[in-house]
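Work through the exercises below with the model open beside you. Try each task before you read its solution.

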Amino acid sequence: MATAPGRLIIVSAPSGGGKTTLCRALRRRMPDLGYSVSFTTRSPRPGEQDGVDYHFIDRDTFEKGIAGERWAEWAVVHGNLYGTSADYLRQALAGGQDVLLDIDVQGARQLLDRFPDSLTIFIEPPSMEVLARRLAARGTDDPETVARRLRDAEQEMAQRGLYQHRIVNDRLEDAVEALAALVAKERAKERQGG
Ligand code: 5GP
């Protein structure tokens, strides 16, 4: 029997929404999920590892990748370039693996054009006030960056209608449960052919 192609699981959220932590928890629970490690021109934050959190590359390399059609989607987010490897997606999906992607709304739109049966989930903060507090508390970004991320968050929130599912990240443990339950249910449906 031929392997059924895998499916994309696209998770987006304004930064500070807890998405990275949620995706990490989901991957621990579902080790068979592929994870698309994005390429970016932004500098690593303390503790981030090249090849694990992101592939950190310079602008020139990224732009050459655009010309060479190396990205399945790419976008400018908070002033930096971010992209998904087309090769990685192709290989993982052809091998029957479902692939988790932590990307922004612009990227989700591009991938939905090409992979319309993707599972899409938007993680939202309980309120903009909570998001502002979380971003400031993270302490890894300067005040100007925090302000820009908040402005971008408002725009992202305005586009959440694009997503099939929304999860409010109020208590992290609850959000992890909700995300894992949702993904498990959708994958089971898929396996049953519908
Ligand atoms: P951060 O710099 O905080 O890790 O991520 C900033 C934003 O870029 C987040 O919304 C994240 O989901 C998004 N992002 C990360 N990788 C990609 C990617 O490959 N493509 C797109 N379009 N967005 C990405």
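This is a predicted model: local features need pLDDT of at least 70, side-chain atom pairs count only at pLDDT 80 or more; totals for chains, interfaces and linings use all residues.

**Exercise 1. In which sense do S2 and strand S7 pair, and over how many bridges?**

Step 1. Find strand S7 at residues 99-102. Strands here are DSSP E runs of at least two residues, helices are H or I runs of at least four, and both are numbered from the N terminus.
Step 2. S2 and S7 pair in the parallel sense, over two bridges. Two strands count as paired if DSSP finds at least two bridges between them.

Residues are numbered from 1 along each chain as its sequence is written, and side-chain values use heavy atoms, with hydrogens and water left out.

**Exercise 2. Give the strand order of the open sheet, and explain why one side of S2 and of S9 has no neighbour.**

Step 1. Five strands form the open sheet, in the order S2-S7-S1-S8-S9, with parallel pairing.
Step 2. Strand S2 (34-35) and strand S9 (165-168) stand at the edges. Each has a single partner strand, so one side of each lacks a neighbour in the sheet.

**Exercise 3. Is Thr120 buried or exposed?**

Step 1. Locate Thr120 in strand S8.
Step 2. Apply the cut-offs: buried is under 20% relative accessible area, exposed is over 50%, and partly exposed is in between (1.4 Å probe, protein chains only).
Step 3. Thr120 has a relative accessible area of 1%, so Thr120 is buried.
Step 4. List the contacts, meaning heavy atoms within 4.5 Å. Leaving aside neighbours within four places in sequence, Thr120 is in contact with Ile10, Leu112, Leu162, Tyr163, Gln164 and His165.

**Exercise 4. Which residues does Glu156 touch, not counting residues up to four places away in sequence?**

Step 1. Glu156 lies in helix H6 (residues 143-158). With a relative accessible area of 11%, Glu156 is buried.
Step 2. Glu156 touches Ala13, Pro14, Asp104, Val105 and Phe122.
Step 3. Look at Val105: the backbone nitrogen of Val105 lies 3.2 Å from a polar atom of the Glu156 side chain.

**Exercise 5. At what angle do helix H1 and helix H7 pack?**

Step 1. H1 spans residues 19-29 and H7 spans residues 172-191.
Step 2. The angle is about 50°, with the axes 10 Å apart. Axes are lines fitted to C-alpha atoms, for helices over the stretch in contact, and angles run from 0 to 180 degrees between N-to-C directions.
Step 3. H1 and H7 are therefore oblique to each other. Angles under 35 degrees count as roughly parallel, over 145 as roughly antiparallel, 65 to 115 as roughly perpendicular, and the rest as oblique.
Step 4. Residues of H1 in this packing include Leu22 and Ala25, and those of H7 include Leu179 and Val183.

**Exercise 6. Over how many bridges do strand S5 and S6 pair?**

Step 1. S5 (residues 71-77) pairs with S6 in the antiparallel sense, over six bridges. Glu73 has Thr84 in S6 as its bridge partner.
Step 2. S5 and S6 form a hairpin with two residues between them. His78 in the turn has a positive phi of about 50°.
Step 3. Strand S6 (residues 80-85) is mostly covered, with five of its six residues buried.

Terms used
A polar contact is a pair of N or O atoms within 3.5 Å; within protein, one must be able to donate a hydrogen and the other to accept it, and residues adjacent in sequence count only if both atoms are side-chain atoms.
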